[in-house]
Amino acid sequence: MNFTEITSRKNKTVIECSDLVKDKKARDASGLFAVEGIKLFEEALGSGMEIKSVFFTEKALGLYREKIEASGVSELYLVSDEVYDKMSDESAPQGIFAVVKKPVKEKITKEALKEGSFVILEDIQNPLNIGAVLRCCYSLGFEKVIFSSGCADIYSPKCARAAMGSLFKVKAY
């Protein structure tokens with residue numbers, strides 16, 4: 001397995017990843033978002049979304065080497081614990097961090113509204129609440145969630161964690 005080692009917290013790639021975690025504008029401008037932890041990494045892989053890059057600590061490499069190798073992701077980075085701390089906003093990180101390409105957000109059509117079930121969310125500001133709603137929608141069999149423009153960013157790390165993988169299973173409009 002080929003990977004690049006990063007030991008500097010000032011590395012351009014590390015700073016860009018840190019921005020994806022902290023800043024919606026950075027996520028919107030780049031068309032990327034970040035997920036942390038092995039569960040979200042596996043969910044992202046299973047969703048068919050494009051994973052641009054994977055960052056991992058020495059400890060995570062020891063635990064998840066087979067999954068990282070099997071991912072087929074070409075941009076792999078081994079980072080020091082200090083570098084990982086710069087990128088992460090987790091209180092108890094697992095040491096695996098993936099940068100995922102956002103899906104193209106489609107406009108909802110009348111035909112799409114006639115097929116399957118959906119939920120509409122209006123002006124929900126707390127990303128943890130959005131994540132919980134996504135989790136519930138998935139567990140109840142809803143296929144689509146329509147977000148008003150006043151809703152918080154569904155690709156924020158807090159929402160992704162709270163959704164516990166449902167972000168990758170429910171179509172967002």
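User: Which residue in S7 is the bridge partner of Phe-118?
Analyst: Lys-144 is the partner of Phe-118. Keep in mind that this is a predicted model.

User: How many bridges join S6 to S7?
Analyst: Four, and the two strands run parallel. S7 covers residues 144-147.

User: What's the strand order in that sheet?
Analyst: The order is S6-S7-S8, an open sheet of three strands with parallel pairing. S6 (118-121) and S8 (171-172) are the edge strands, each pairing on one side only.

User: And which helix lies across S6 and S7?
Analyst: That's H7, residues 127-140. Helix H7 runs at about 155° to S7.

User: Switching topic. Where does Ala-44 lie, and is Ala-44 buried or exposed?
Analyst: Ala-44 is part of helix H3, which spans residues 38-47. Ala-44 has a relative accessible area of 0%, so it counts as buried.

User: What does Ala-44 touch, leaving aside neighbours within four places in sequence?
Analyst: Ala-44 is in contact with Met-49, Ile-51, Val-100 and Phe-168.

User: OK, salt bridges. How many are there?
Analyst: The count comes to 12. Two of the pairs involve Glu-43: one with Lys-39, where the closest N and O atoms are 2.9 Å apart, and one with Lys-169, at 3.2 Å.

User: Where do Lys-39 and Glu-43 sit relative to each other?
Analyst: Both are in helix H3, four residues apart, which is about one turn of the helix.

User: Why does Glu-43 count as buried while Lys-39 is partly exposed?
Analyst: Glu-43 counts as buried because its relative accessibility is 15%, and the cut-off for buried is under 20%. Lys-39 comes in at 40%, so it is partly exposed.

User: And which parts of the chain does the Glu-43 and Lys-169 pair link?
Analyst: Distant ones: Glu-43 is in helix H3, while Lys-169 is in the loop between helix H8 (157-163) and S8, 126 residues apart. Lys-169 is partly exposed, at 39% relative accessible area.

User: What does Lys-171 meet in a salt bridge?
Analyst: The side chain of Glu-106, at 3.0 Å, N to O. That pair also links distant parts of the chain, 65 residues apart: Glu-106 is in the loop between strand S5 (96-101) and helix H6 (110-114), and Lys-171 is in strand S8.

Technical notes
Residues are numbered from 1 along each chain as its sequence is written. This is a predicted model: local features need pLDDT of at least 70, side-chain atom pairs count only at pLDDT 80 or more; totals for chains, interfaces and linings use all residues. Side-chain values use heavy atoms; hydrogens and water are left out. Buried means under 20% relative accessible area, exposed over 50%, partly exposed in between (1.4 Å probe, protein chains only). Contact means heavy atoms within 4.5 Å. Two strands pair if DSSP finds at least two bridges between them. Axes are lines fitted to C-alpha atoms, for helices over the stretch in contact, and angles run from 0 to 180 degrees between N-to-C directions. A salt bridge is a side-chain nitrogen of Lys or Arg within 4 Å of a carboxyl oxygen of Asp or Glu.
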